[in-house]
Amino acid sequence: MLPLTPPDADATPGGFGLYVHWPFCASKCPYCDFNSHVREGVDQARWRAAMLREMDHFAARVPAGRRLSSVFFGGGTPSLMPPETVAAVLERADHHWGIGDGVEVTLEANPTSSEAARFAGFRAAGVNRLSMGIQALNDADLKVLGRKHSAPEAMAAIAMAKGIFDRFSFDLIYARPGQTVAAWQDELSRALDMAVGHLSLYQLTIEEGTQFHTLQQRGDLVVPDEDLAGDLYEATQVLLNQAGMPAYEVSNHARPGQESRHNLVYWRYGDYVGIGPGAHGRLTLKGEKVATRTHRAPEIWLQRVEEGGTGAHADEVVTPDQRGREALMMGLRLAEGVSLARLTAEAGGVNPVDMAAVDRLSRHGLLTLDGDRLTATADGRQRLNGVLAALLE
Ligand SMILES: C[S@@+](CC[C@H](N)C(=O)[O-])C[C@H]1O[C@@H](n2cnc3c(N)ncnc32)[C@H](O)[C@@H]1O
Ligand code: SF4
């Protein structure tokens, strides 16, 4: 197992990561509102050159001395990237920031057989953690979710990934149409038999603008109501706790030490460079926190990078008030919670949290305050939007 670079190797609280967005997918899933697009042909050489160029643009802005703790290829479907492009991106990141063996390098993969055939190529390119979108372990639900893979294909891809990567994770979506608690428990037990150290378990969200949203509006898609969704969440916590993989974040479970370093950078409100269409970033520049955002449309992004070195919109300065809020919203997702002193520092010396609300929510079993550490309980994490609204009133 790799000795991982500790996030505090970087001087800025929360650490420093690089996010690379690959915006293409073989088909669009009916529930998905990520920045993902289906295109007939992708000019790989142009895309590779543009990714490298945009990384150079951001690298010139990042102050010297930052230590990268993670790189994450997300999408879209980065497992459709040629391994040579992944290798080229990692070489360039190494040139700018020095990627030692301890840097976590994750790639999101879909488990079709043609993509599984590239796993060894990704490993050779420097990827040391794979995160697979399995979503369901039965063919009927995979079909409802519009996935291109079958359950046997998913299991074969998991077996293949386990043979190649020390660290790997897969995603499942629950609260699917017609799902019962018993069926989910059975599926989760099978998932736990195959998991190594990390699982992401997302409750299905119906996002505006997706096919599922249209179907739901028409009455053609019915998902579990709030009570059943709550029961499914609780059943998830019980089984995963028993299996030694407790939630370290709302939807993410890991054995101790197997947490996603990259996502911890977001949740601990660290800094990250985001390249590729629609990527977000947060950078501390001369004491200010700056939000970066690139153009979402792949072709416009490509053109802007080729013409001007980046597809980024103008930076936005995150005000101290927003910094306090963002750090709270991120930190309460984590089982480790968040330090009030850190929130106060982000917010420019003012505690952004309504302490009377902390008292009230603690009495309802939704929060705990232990010294300086504010933490949402498992119940609180399930109702996080309501908790945050009360704390930030
Ligand atoms: C960027 S996406 C997809 C990565 C990869 N393309 C895939 O589909 O396997 C990351 C994960 O978000 C989850 N996800 C996407 N849309 C969702 C939704 N509407 N509700 C719940 N989970 C969702 C899925 O589990 C998915 O694997
Ligand atoms: S869930 Fe994954 S494969 Fe499906 S459209 Fe979204 S990003 Fe693409």
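D370 stands opposite R373 in β15, a strand in the sense of a DSSP run of E with at least two residues, whereas helices are DSSP runs of H or I with at least four residues, both numbered from the N terminus. The model is predicted, so that local features need pLDDT of at least 70 and side-chain atom pairs count only at pLDDT 80 or more, while totals for chains, interfaces and linings use all residues. Residues are numbered from 1 along each chain as its sequence is written, chains are lettered from A and ligands numbered from 1 in the order in which they are written, and side-chain values use heavy atoms, with hydrogens and water left out.

The pair D370 and R373 belongs to the antiparallel pairing of β14 with β15 (residues 373-376), which extends over 4 bridges; two strands are said to pair if DSSP finds at least two bridges between them. T368 stands opposite T375 in β15. The hairpin of β14 and β15 has 2 residues between the strands, and within this hairpin G371 takes a positive phi near 65°. Strand β15 also pairs with β13, again in the antiparallel sense, over 2 bridges, and V338 has L374 of β15 as its bridge partner. Together these strands form an open sheet of 3 strands in the order β13-β15-β14, with antiparallel pairing. Its edge strands, β13 (338-339) and β14 (367-370), each pair on one side only. Strands of a sheet pair through backbone hydrogen bonds, either parallel or antiparallel.

At the level of the whole protein chain, an automatic or database domain assignment sets the bounds of domain 1 (16-265) and domain 2 (320-393). The C-alpha centres of domain 1 and domain 2 lie 28 Å apart. With contact taken as heavy atoms within 4.5 Å, 8 residues of domain 1 are in contact with 7 residues of domain 2.

Two backbone features deserve attention. Most residues other than glycine have a negative phi, and most peptide bonds are trans. The peptide bond from G75 to G76, however, is cis, with omega near 15°, and G76 lies in the loop between β2 (70-75) and α2 (83-97). Y269, which is not a glycine, has a positive phi of about 55°; Y269 is placed in the loop between α10 (261-267) and β9 (271-275).

G76 is also one of the residues around ligand 2, among them C25, K28, Y31, N110 and R147, where a residue is near a molecule if one of its heavy atoms lies within 4 Å of it. The shell around ligand 2 comprises 4 nonpolar, 5 polar and 2 charged residues; Ala, Val, Leu, Ile, Met, Phe, Trp, Tyr, Cys and Pro count as nonpolar, Asp, Glu, Lys and Arg as charged, and the others, Gly among them, as polar.

Grid points are joined across faces, edges and corners, and a volume is the space filled by probe spheres set on the points. Of its 15 lining residues, Q203, P224, D225, E226 and A229 are the closest to its centre. Helix α9 (residues 226-242) supplies the largest share of this lining, 4 residues. The structure holds 1 cavity of 30 Å³ or more, and the largest cavity is lined by D141, V144, L145, R176 and P177.

Methods. 1 Å grid on protein atoms, 1.4 Å probe; cavity = no way out; pocket = protein on both sides within 12 Å on 5 of 7 lines; lining within 4 Å.
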